[in-house]
Amino acid sequence: MGRVVLTFIFIFICSVSNAEIIKVCATCNFTTISSAINNASAGDVIEIHQGVYTEGNLLIDKAISVVGVDWPILDGQNENEILTIISDGVRVEGLILRNVGTSYLEDRSALRLRNSSDFIIKNNRLENAFFGIYLERSNNGIVADNRIIGEAVDEMSSGNGIHLWYCKNIEVSNNIVSSHRDGIYFEFVDNSKVHGNISEHNLRYGLHFMFSNFDEYFQNTFRDNGAGVAVMFSKKIDMYDNLFENNWGKSSYGLLLKEIYDAEITNNKFIKNTIGVYVEGSTRINYSANIFKNNGWAIKVRGGCLDNFISGNDFISNTFDLSVPSNIEGNSFDGNYWSEYKGYDLDKDGIGDVPHRPVKLFNFIVFKTPEAMVLLRSLFVELINITERVSPVFTPKNVTDNSPSMKSFF
Amino acid sequence: MRKVMKYTVIDLLRSRWTYFYCGFFFILSGLLFLLSNDPSQVIITLMNVVLILVPLISTIFGVMYYYNSREFAELLLAQPIKRTDIFLGQYLGIACSLSFSIALGIGLPLLIFSSISDLSIGNYLMLIVTGIFLSLIFSAISFLTALLFENKLKGFGASIFIWLFFAIIYDALFLIALSFFSDYPLENFALFASIGNPIDLSRILIILKLDISALMGYTGALFSKLMGNFNGMLVAFSVLMAWIIIPLVGIVRVSLKKDF
């Protein structure tokens, strides 16, 4: 991180020392952006003033800054990629990029960086882009404060808001991404941070990790997406202080974990998702200090999960708190607060004296025969749940909270 | 028939049970509106109560009224009135007062509190409509059972058993069948099995209107595809209508043959 900052300072100093400002507007020396770029040399600032520029694809191949004044509009007219950056040390700020246009043959994007490093993409507005910001094989950069609003209709014909492929040390912060396929997409991206973003109304995932390691995301909001966040085939991902809200629908999740190892999930809020966390084949994951509230399922575990520790979390008013396969081993569910807990605390130490079994019998049946779900909330189901709670026979023994908290943690 | 019905309704209006029943629903739904700020939670709680209590109370009411008014019926039989008119009139009287109680008991709080909470009226209306249908169905069934059994105790027992069957036993058998055949595709079976029970059908009709229907996954999707549109609703409500008409036909046939 320090290195990144130093590099930026270095670039900044360079640009201050011999920067030339090249203005582009209808009445300036340069009326087109492409001519300004051609005449610029490394370190220069191109200042684009208000107006609509339809110049097709613009290639930036030198270390310059492109800065918009009063929101100039670069229009791709639904058939072009707009900005393609192949140089290091580029800064793009204050532009409106719009109408990239769908393509089924290439991943067109409003702003593409290829083999670039030490860049800043800041405070831009992208409207109706197919892919928004596309980084490929780029390192040490910042993508911040952008508003990326798509018009995605279905998954087949839509692209991702911010797409990273083979990148390192990238900071994606305070962006608003909506109505794309994936809000933010990471594939083979290491040592990067995603924070302060709002990702909503995306068709598939708000944030999507594939084969990415040592990353962290925090203080983001994922709302009304097909699924909030999907983390797949990744290691050492830290997830904290995020809000997963209202990812509601027939196959929606707040957080989907598939084949991941050594993750920390702390201080997140999962509110009103069909499934709060959906876990499959994940190992050594700590869940602590999270709030699960009003979800269909708070945590739904499929097979292959080992050494997961769930403790210090609040489970409040979920239809089902936990759903697990019957042969689950080596996971701990101790020390949580369950609003459904019916036990007592005679010694007043704040910990319930009777272990809590978070898996209801009906839940167990539904796990085996999903069609049984049609009996949801029928009198018979309530009855068998009560009998099972009084004398547990069917629900798995090793899924118990032996020290349930009497009070909610938050 | 209309006259018999009128007298039955007047008779029931004089009994305090009708007011009690109506008042119970009024207070319950009013309290729920006051205490809860989540309208869909109100509907779910009310749904649980309606699905259990309405069939039970209608059953008991139907049987009780038949046995209590037996002497009156015998008196009427001596008059030149058609038998079907007498019994259908009595049934309609009970059914009307029960449905009226439900509509009033659940509906009035809606009128009072609808301005306060951002409630979707359609879901709530569905609750009232299914409540009314359940009253009509279960009072018809219980009236028929009472007509079939001369012995009061047997009649009571049989009609309570019928309620128990639809409220609990049916679902138990349903669940056993589902788990037993879990290796096979069961969506269509689940669909038909739940249409076969008026309580299950009403429950699903209400749930499909609520958010929690998303929990029902693939089966739920199938259900909402079939029942979510107008045609599906039409099918569901014709099934409910059939549940009223079949016992009514039974009442007509039994009352014509019965030797008093």
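This is a predicted model: local features need pLDDT of at least 70, side-chain atom pairs count only at pLDDT 80 or more; totals for chains, interfaces and linings use all residues.
**A walk through the two-chain model**

Thr18(B) lies in helix 2 of chain B, the helix that spans residues 16–35. Leaving aside residues up to four places away in sequence, Thr18(B) touches Leu12(B), Phe61(B), Ser97(B) and Ser101(B).

The contact involves 31 residues of chain B and 23 residues of chain A. About 2,400 Å² of area is buried between chain B and chain A, and carbon and sulfur atoms account for 74% of this area. Between chain B and chain A there are 0 salt bridges, while 3 residue pairs are in polar contact, counted where both residues have pLDDT 80 or more.

Attention now passes to chain A. Chain A contains 4 helices and 37 strands. Its C-alpha atoms fill a box of roughly 85 × 40 × 30 Å along the principal axes. Of the 410 residues in chain A, 56% are buried. When contacts in chain A between residues at least 6 apart in sequence are considered, 48% of them join residues at least 24 apart.

The domain assignment divides chain A into domain 1, residues 1–225, and domain 2, which is made up of residues 228–359 together with residues 395–410. Taken over C-alpha atoms, the centres of domain 1 and domain 2 of chain A are separated by 36 Å. To the contact between them, domain 1 of chain A contributes 21 residues and domain 2 of chain A contributes 23 residues.

The boundary between these domains can be described in the terms already used for the two chains. The area buried between domain 1 and domain 2 of chain A is about 2,000 Å², with carbon and sulfur atoms giving 48%. There is 1 salt bridge between domain 1 and domain 2 of chain A. The side chains of Arg223(A) and Glu245(A) form a salt bridge, with an N to O distance of 2.9 Å. Polar contacts between the two domains of chain A amount to 29 residue pairs, again with both residues at pLDDT 80 or more.

On the domain 1 side of this boundary, strand 21 (205–210), strand 22 (216–218) and strand 23 (221–223) of chain A each supply at least two residues. The largest share of that side, 6 residues, is supplied by strand 21 of chain A. By class, the side of domain 1 that touches domain 2 of chain A comprises 9 nonpolar, 8 polar and 4 charged residues.

Terms used: Residues are numbered from 1 along each chain as its sequence is written. Chains are lettered from A and ligands numbered from 1 in the order in which they are written. Side-chain values use heavy atoms; hydrogens and water are left out. Contact means heavy atoms within 4.5 Å. Buried area is the accessible area (1.4 Å probe) that two parts lose on being put together, summed over both. A salt bridge is a side-chain nitrogen of Lys or Arg within 4 Å of a carboxyl oxygen of Asp or Glu. A polar contact is a pair of N or O atoms within 3.5 Å; within protein, one must be able to donate a hydrogen and the other to accept it, and residues adjacent in sequence count only if both atoms are side-chain atoms. Domain bounds come from an automatic or database domain assignment. Ala, Val, Leu, Ile, Met, Phe, Trp, Tyr, Cys and Pro count as nonpolar, Asp, Glu, Lys and Arg as charged, and the others, Gly among them, as polar. Buried means under 20% relative accessible area, exposed over 50%, partly exposed in between (1.4 Å probe, protein chains only).
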